[in-house]
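Subject: Structure handover

Hello,

Here is the structure I said I would pass on. My notes on it follow below.

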Amino acid sequence: MDVNIEYLVGLSEAWLPIVLQYSAQLLLALITFLIGWWLINKLTGRLGALLRRRQVDPSLHGFIESLAGVALKILLLISVASMVGVETTSFIAMIGAAGLAVGLALQGSLANFAGGVLILLFRPFRVGEWIEAQGVAGTVHSIQIFHTVLKSADNKTIVVPNGSLSNGHITNYSREQRRRADINVGIAYSADIRLARKILLEIAEDARVLRDPEPVVFVTGLGESAVNLSLRVWVATGDFWPVTFAFTEQLKERFAEAGIGVPLPRRELHIVQG
């Protein structure tokens, strides 16, 4: 019995400092973990509130909050592991190698993902706007993380990868509140240009046409068989196509009434017999 007591006392004297040392480290690591986890949740919540105040696209809120939370929590876990004596160098190297391999395998998807983030952050276009990019045009139906969906004028669904979309030219026809409509027409060389200009300006006396800037008519060129005129008017963006179609029809009717011909291209063939 005395031997067992002496053995236990010796054992406790040998292990007690180690237990106390590691208990203190474990307790400190646990406190660090709990406080760090609480702070990360607070920070991600504040980040979400900041994004909402900056009017960042709602579809990006949850993604950015989740991404920031996951990244910070991974760093917290690595820090806590190093506090209790776990060797983290190889662990970090393994994470880096895995990230590199995944990045190389998914570089196309990652480019589309980065493009989607840029589009949602800087908003070169919004849902409902008419854009032209990458050789296609249509109304923006939805903006996803990896691609943007357009609806063409004849109701076709067009899916454009965000990577190429964010790195190319984008023409947004809906962003501005007004647009200039150019109504181009050719008249015969024998026609009266002053009369044609008068008729075009009368057509522009439409309630949909803005008075500032005022409508103007220019001679834009002398073609092979016609004098080219252009009526330029400013209208609200929503009236662009209705005004263009209506004015084109009206100028045809008014020119016909005034005897102003709209010549068609002609070719003269001379056949020489040998």
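Two strands count as paired if DSSP finds at least two bridges between them. Please keep in mind that this is a predicted model.

The sheet

Strand 3 (residues 147-151) and strand 4 meet that condition: they pair in the antiparallel sense over five bridges. Within this pairing, Leu150 stands opposite Ile158 in strand 4. Both strands belong to an open sheet of five strands, in the order 4-3-2-1-5, with antiparallel pairing. Its edges are strand 4 (157-161) and strand 5 (170-172), each of which pairs on one side only. On average, neighbouring strands of the sheet are turned by 40° against each other, direction ignored.

Ile131

Ile131 lies in strand 1 (residues 130-133). Is Ile131 buried or exposed? Its relative accessible area is 0%, which is under 20%, so Ile131 is buried.

The largest nonpolar core has 23 residues, and Ile187, Leu231, Val233, Phe247 and Phe255 have the most contacts inside it. At least two of its residues come from each of strand 6 (178-187), helix 6 (193-203), strand 8 (227-236) and helix 7 (240-258). Leaving aside neighbours within four places in sequence, the contacts of Ile187 include Ile193, Ala196, Leu229, Phe255 and Pro263. A second, separate core has eleven residues, among them Ile119, Val140, Leu150 and Leu165.

Regards

Methods: Residues are numbered from 1 along each chain as its sequence is written. This is a predicted model: local features need pLDDT of at least 70, side-chain atom pairs count only at pLDDT 80 or more; totals for chains, interfaces and linings use all residues. Side-chain values use heavy atoms; hydrogens and water are left out. Helices (H or I, at least four residues) and strands (E, at least two) are DSSP runs, numbered from the N terminus. Axes are lines fitted to C-alpha atoms, for helices over the stretch in contact, and angles run from 0 to 180 degrees between N-to-C directions. Buried means under 20% relative accessible area, exposed over 50%, partly exposed in between (1.4 Å probe, protein chains only). A nonpolar core is a set of buried Ala, Val, Leu, Ile, Met, Phe, Trp, Tyr and Cys residues joined through side-chain atoms within 4.5 Å. Contact means heavy atoms within 4.5 Å.
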